[in-house]
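Visitor: Can you walk me through this structure? I'd like the strands and the charged pairs.
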Amino acid sequence: QVQLVESGGGLVQPGGSLRLSCAASRSILSSSMGTNTMAWYRQNPGKERELVARLTSRGTATYGDSAMGRFTISRDNSVNTMYLQMNSLKPEDTAVYYCRATIGSVIYWGQGIQVTVSS
């Protein structure tokens, strides 16, 4: 079993920045030859959860269209934590952001954290 805990959300003005963190209860991406992945998703009421960014054990990052050029996903294996640096935030980035880990065929989700972009 893996626990994922998100932090760093909150209220920010348009054009501002936030950094989300996802702390895992154990190592997930530390093996460069592994197949595990971690990712950020977001969701608004009545809408499907959408991929924001994904990171593989090998360090390959992919981004959803909404995040391209503005967000950066990264990790610190020494503290089993994944990050999402969000810059140039827009009101449409407002959502609950979820951390997800895929270990083999098992998917784990964090509890989610609210990000609100508003003046």
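Guide: What follows is a short tour of the sheet, a hairpin, the salt bridges and a few loop residues.

Visitor: What kind of model is it, and what are the ground rules?
Guide: This is a predicted model: local features need pLDDT of at least 70, side-chain atom pairs count only at pLDDT 80 or more, and totals for chains, interfaces and linings use all residues. Residues are numbered from 1 along each chain as its sequence is written, and side-chain values use heavy atoms, with hydrogens and water left out.

Visitor: What is the strand order in the open sheet?
Guide: The order is β1-β3-β8-β7, with antiparallel pairing. The edge strands are β1 (4-7) and β7 (71-76), each pairing on one side only. From one strand to the next, the twist averages 15 degrees. Strands here are DSSP runs of E, at least two residues, numbered from the N terminus; helices are runs of H or I, at least four. Two strands pair if DSSP finds at least two bridges between them. Angles run from 0 to 180 degrees between N-to-C directions, and axes are lines fitted to C-alpha atoms, for helices over the stretch in contact.

Visitor: How many bridges between β3 and β8?
Guide: Strand β3 (residues 18-24) pairs with β8 over 6 bridges, antiparallel. Leu-18 stands opposite Met-86 in β8.

Visitor: Moving to β4. Which strands does it pair with?
Guide: One partner is β5 (residues 50-56), antiparallel over 6 bridges. Trp-40 has Ala-53 in β5 as its bridge partner. β4 also pairs with β9, again antiparallel, over 7 bridges. There, Arg-42 stands opposite Tyr-97.

Visitor: What about the turn between β4 and β5?
Guide: The two strands form a hairpin with 6 residues between them. In the turn, Gly-46 has a positive phi of about 80 degrees.

Visitor: Is β4 mostly covered or uncovered?
Guide: Mostly covered: 6 of the 7 residues in β4 (37-43) are buried. Buried means under 20% relative accessible area, exposed over 50%, and partly exposed in between (1.4 Å probe, protein chains only).

Visitor: How many salt bridges are there?
Guide: The whole structure has 3. The criterion is a side-chain nitrogen of Lys or Arg within 4 Å of a carboxyl oxygen of Asp or Glu.

Visitor: Which residues pair with Arg-42?
Guide: Glu-50 meets Arg-42 at 2.6 Å, N to O. Asp-93 meets Arg-42 at 2.9 Å.

Visitor: Where does Thr-94 sit, and what does it touch?
Guide: Thr-94 is in the loop between β8 (81-86) and β9 (95-103). Beyond four places in sequence, Thr-94 touches Asn-44, Gln-114, Val-115, Thr-116 and Val-117. Contact means heavy atoms within 4.5 Å. A polar atom of the Thr-94 side chain lies 2.9 Å from the backbone nitrogen of Val-117.

Notes: A polar contact is a pair of N or O atoms within 3.5 Å; within protein, one must be able to donate a hydrogen and the other to accept it, and residues adjacent in sequence count only if both atoms are side-chain atoms.
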